[in-house]
Amino acid sequence: MRSSAGLREFLDARCLDRGDETFLLFRGARWSYAQLALITDGAAAAFAREGFQRGDRVALLMPNGPDLIFAWLALAKLGAVTAPIHPQFTMVEVAAALTYLEPKAVLADSTLADKITRTPPGCRVIGPGLREILDCRDALTGVTAPRADDPADILMTSGTTGHPKGVVQTHRTHVITGEAFAAWLGLNAQDRLFTCLPLSHINARAYSTMGALAAGASLAVEERFSASRFWRWMAESGA
């Protein structure tokens, strides 16, 4: 993939190439590359009808799992800028992140929605309606693909030495990082990656997810790390 590709072009090419091969595994369920294309196109079309467009900031307060990956990549196809918030943030930390990010909307999983105590002016919360958006299977038409140097994400730093800050990642950054990671590790389409790291941080996004996509490989995801279950996950996932 040339470095001038945005995520939509990158995803479309990979899904067309890999078709019915497995892309994602989560708790016994599997999704193919063809399903990834259908889900993200449909959700992108639904997001567009909801008024989202290129450059809009959208916060994601969601646990690790398929819904977070599909929402992120669908919004990327529109050129919207996703801003994932760590699901273990407290109410105070969530409020501070939203004040900092000033998103147009927050996509909130039902298990985390009660952490949203206040939002910036003009910011809407999409909770129950998110399921309908992600279940949409309409074609994505009439939406210009984002450019490679358009912002794709704003990732919040851990705040180890101060307040968390937003770091902007572009479409090009994700594409070339995934390709480089796959090249460094010698990954190919027969490989399977595993992550239980938070998809709100760079590692699980740029390396695990984008690396799997770049290699045409598959990705197994768990919600969070567990010392007692980790090696069982390794055996069961085949990573």
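A crossing is called left-handed if the near helix is turned anticlockwise from the far one by less than a right angle. The model discussed here is predicted.

Q: What is the handedness of the crossing of helix 1 and helix 7?
A: The crossing of helix 1 (residues 7-18) and helix 7 (residues 202-215) is left-handed.

Q: Why are helix 1 and helix 7 called oblique to each other?
A: Their axes cross at roughly 50 degrees and come within 9 Å. Angles under 35 degrees count as roughly parallel and 65 to 115 as roughly perpendicular. Helix 1 and helix 7 are therefore oblique to each other.

Q: What makes the contact of helix 1 with helix 7?
A: Leu 7, Phe 10, Leu 11 and Arg 14 of helix 1 meet Met 210, Leu 213 and Ala 214 of helix 7. Of these residues, six are nonpolar, none is polar and one is charged.

Q: What makes the contact of helix 1 with helix 2?
A: The axes of helix 1 and helix 2 (residues 33-49) come within 7 Å. Leu 11, Asp 12, Arg 14, Cys 15 and Arg 18 lie on the helix 1 side, and Tyr 33, Leu 36, Ala 37 and Asp 41 on the helix 2 side. Five of them are nonpolar and four charged.

Q: How do you know where the buried residues of helix 8 lie around the axis?
A: The buried residues of helix 8 (residues 230-237) are Trp 233, Met 234 and Ser 237. They cover an arc of only 100 degrees around the axis, which puts them on the same side of helix 8. Trp 231, Ala 235 and Glu 236, on the other side, are exposed.

Q: Which strands do the buried residues of helix 8 pack against?
A: They pack against strand 9 (192-195) and strand 10 (218-221).

Conventions:
Residues are numbered from 1 along each chain as its sequence is written. This is a predicted model: local features need pLDDT of at least 70, side-chain atom pairs count only at pLDDT 80 or more; totals for chains, interfaces and linings use all residues. Side-chain values use heavy atoms; hydrogens and water are left out. Axes are lines fitted to C-alpha atoms, for helices over the stretch in contact, and angles run from 0 to 180 degrees between N-to-C directions. Helices (H or I, at least four residues) and strands (E, at least two) are DSSP runs, numbered from the N terminus. Contact means heavy atoms within 4.5 Å. Ala, Val, Leu, Ile, Met, Phe, Trp, Tyr, Cys and Pro count as nonpolar, Asp, Glu, Lys and Arg as charged, and the others, Gly among them, as polar. Buried means under 20% relative accessible area, exposed over 50%, partly exposed in between (1.4 Å probe, protein chains only). The arc is that of the directions from the helix axis to the C-beta atoms. Angles under 35 degrees count as roughly parallel, over 145 as roughly antiparallel, 65 to 115 as roughly perpendicular and the rest as oblique.
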